[in-house]
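Let us take a walk through this fold together, moving along the chain and stopping wherever the packing deserves a second look. Keep the structure in view as you read.

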Amino acid sequence: MANFRSKDEWTERLMSPLYYEKFTQTMWNAAKEKNRKNGWTLVSGAWAPWYFNIRQVGDAPQLFHDVCQATSEMIMGYDDVGLLIGVEMAGVPFVGAVAINMFNLGKAQRFGYTRPTPAKGLTQDVVATMLKDIDAGVF
């Protein structure tokens, strides 16, 4: 198996570029005033003081590669991961890149994705049902 970087090494390599390129937004560097004041309310209803915008990280190919590499290495530290899911829409290319990277690192990994839903935003229950359907081969 390949020699993986530690979490600290990945943190040092990724956090500043993600922050300065505004792929990671916080209440201190958010593009929108409302997020600087209030943070973010996620689809799940949870509040967060930061937001990782994977949609635009593709504009920085090396940074996208590094994020996928770091994610792959972290996932490969667990033996019980049987399926990766990319949540529509931004998660689809991300999960594909992570799965390919894991394959190149010596672990073939199944992956799938959720489909767009008519209503904006997915609840945790809807996502859980979609994941069960994917695992059962319904999708």
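The residues concerned are Trp10, Leu14 and Leu18, where buried means under 20% relative accessible area, exposed means over 50%, and partly exposed is in between, with a 1.4 Å probe and protein chains only.

Before going further, please note that this is a predicted model, in which local features need pLDDT of at least 70 and side-chain atom pairs count only at pLDDT 80 or more, while totals for chains, interfaces and linings use all residues. Residues are numbered from 1 along each chain as its sequence is written, and side-chain values use heavy atoms, with hydrogens and water left out.

How confident is the predictor? The scale is pLDDT, the predictor's confidence in each residue, from 0 to 100. The chain averages 83, and 89% of the residues score at least 70. Where pLDDT is low, the predicted coordinates should not be read in detail.

Now for the overall layout. There are five helices and six strands in the chain, and from the N terminus on they run α-β-α-β-β-β-α-β-α-β-α. Of the 139 residues in the chain, 34% are buried. Contact means heavy atoms within 4.5 Å; among contacts between residues at least 6 apart in sequence, 61% join residues at least 24 apart.

Back to helix 1, this time for its geometry. Helix 1 covers residues 7-20, and its 14 residues should span 20 Å at 1.5 Å a residue, which agrees with the 20 Å between its end C-alpha atoms. The expected span is 1.5 Å times one less than the number of residues. Helix 1 also bends by about 30 degrees at leucine 14, with proline 17 following within four residues; the bend is the angle between axes fitted to the seven residues ending at a residue and the seven starting there. After the helix comes lysine 22, with a positive phi near 65 degrees.

Which residues does aspartate 66 touch? Aspartate 66 lies in helix 3 and is buried, with a relative accessible area of 7%. Not counting residues up to four places away in sequence, aspartate 66 touches Trp10, Arg13 and Leu14. Two of the names in that list, Trp10 and Leu14, are among the buried residues of helix 1.

Next, look at methionine 27, in the loop between strand 1 and helix 2. Methionine 27 counts as partly exposed because its relative accessibility is 21%. The C-alpha atoms of methionine 27 and glycine 39 are 5.6 Å apart, although 12 residues separate them along the chain. Apart from residues up to four places away in sequence, methionine 27 touches Asn35, Arg36, Lys37, Asn38, Gly39, Trp40, Trp47 and Pro49.

The second largest pocket has a lining that includes Asn35, Asn38, Gly39, Trp40 and Asn53. Helix 2 (33-38) and strand 2 (40-41) are the elements that give two or more residues to this lining, and helix 2 gives the most, with three residues. Asparagine 53 is found in the loop between strand 4 and helix 3 and counts as buried because its relative accessibility is 9%. The C-alpha atoms of asparagine 53 and leucine 18 are separated by 9.3 Å, with the two residues 35 apart along the chain.

Finally, come to helix 4 (residues 91-104), which has 14 residues and reaches 20 Å from its first C-alpha to its last, close to the 20 Å expected. Its buried residues include Phe94, Val95, Val98 and Asn101, and the buried residues of helix 4 pack against helix 3, strand 5 (84-86) and strand 6 (111-113). Asparagine 101 is buried, with a relative accessible area of 11%, and is in contact with Cys68, Gln69 and Ser72, leaving aside neighbours within four places in sequence. Just after helix 4, glycine 106 takes a positive phi of about 105 degrees.

Methods:
On a 1 Å grid over the protein atoms alone, a cavity is a set of points where a 1.4 Å probe fits but cannot get out, and a pocket is an open set with protein on both sides within 12 Å along at least five of seven lines; lining residues have an atom within 4 Å of a point.
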